[in-house]
Amino acid sequence: MKRILLVEDESIIRMDLKLMLESEGYEVIKEVNDGEKAVEYALRLKPDIILMDIKMPKLDGLKASKIIGKQLDVPIIIITAYSQREFVEKAQQDNVIGYIVKPISSKNLIPAIEVALHQAKKAKKLQQNIDRAKEEVQHRKVIEKAKGIVMEQKSITEQVAFKYLRDTSMSNRLSMYELAMRIINKNK
């Protein structure tokens with residue numbers, strides 16, 4: 001069950017949205033009526049997705065979305081009565097994945113949520129792959145540096161030094177990266 005933070009200052013619209021969402025199997029974990037509370041509860045509850053109105057008291061939805069986006073990786077769908085270009089352009093933030101103009105029906109809300117959740121999942125997986133690739137490159141650099149130290153200390157070839165690192169890491173039950181870090185730290 002996907003957890004939704006519902007941010008809408010008009011109570012009747014908020015109730016309608018909650019009923020739509022719950023009838024489709026979503027859990028509305030909190031309903032709030034202003035941007036400040038949206039930020040507070042987003043950070044506290046870490047929802048799967050946020051439905052956020054633009055025009056609200058205290059802090060508007062776009063500013064609240066920007067604050068949330070800096071601290072959480074959560075997709076946000078903007079719900080608004082405004083379709084003017086200026087609002088659409090301001091809503092183009094990394095974490096804003098959808099923009100629905102009122103009146104909202106189940107026919108346009110549910111598909112928007114499903115697509116937003118899918119795109120957020122893909123983006124998260126892509127970011128994880130990027131992070132993993134960066135880490136692998138960093139590990140390879142460390143292993144290469146340690147290999148250079150071994151080559152110099154033992155006056156051996158690159159191939160023999162690599163075999164030495166591999167064999168030593170296996171016999172000591174260490175990853176090559178961990179062994180390389182020990183070698184580098186020992187030779188500082």
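A residue is called buried when its relative accessible area is under 20%, exposed when it is over 50%, and partly exposed in between, with a 1.4 Å probe and protein chains only. The model is predicted, so local features need pLDDT of at least 70 and side-chain atom pairs count only at pLDDT 80 or more, while totals for chains, interfaces and linings use all residues. Residues are numbered from 1 along each chain as its sequence is written, and side-chain values use heavy atoms, leaving out hydrogens and water.

Helices (H or I, at least four residues) and strands (E, at least two) are DSSP runs, numbered from the N terminus. In helix 7 (residues 176-186), Met176, Leu179, Ala180, Ile183 and Ile184 are buried. Down the helix axis these residues fall within an arc of 135°, so they line one face of helix 7; the arc is that of the directions from the axis to the C-beta atoms. Arg182 and Lys186 are exposed on the face turned away from the buried side of helix 7. Helix 5 (106-154) and helix 6 (158-171) are among the elements that cover the buried residues, where contact means heavy atoms within 4.5 Å.

A nonpolar core is a set of buried Ala, Val, Leu, Ile, Met, Phe, Trp, Tyr and Cys residues joined through side-chain atoms within 4.5 Å. The largest one has 20 residues, and Met52 is among those with the most contacts inside it. Strand 1 (3-7), helix 2 (35-45), strand 3 (49-53), helix 3 (61-71) and strand 4 (76-80) each supply at least two of its residues. Helix 2 gives the most, four residues.
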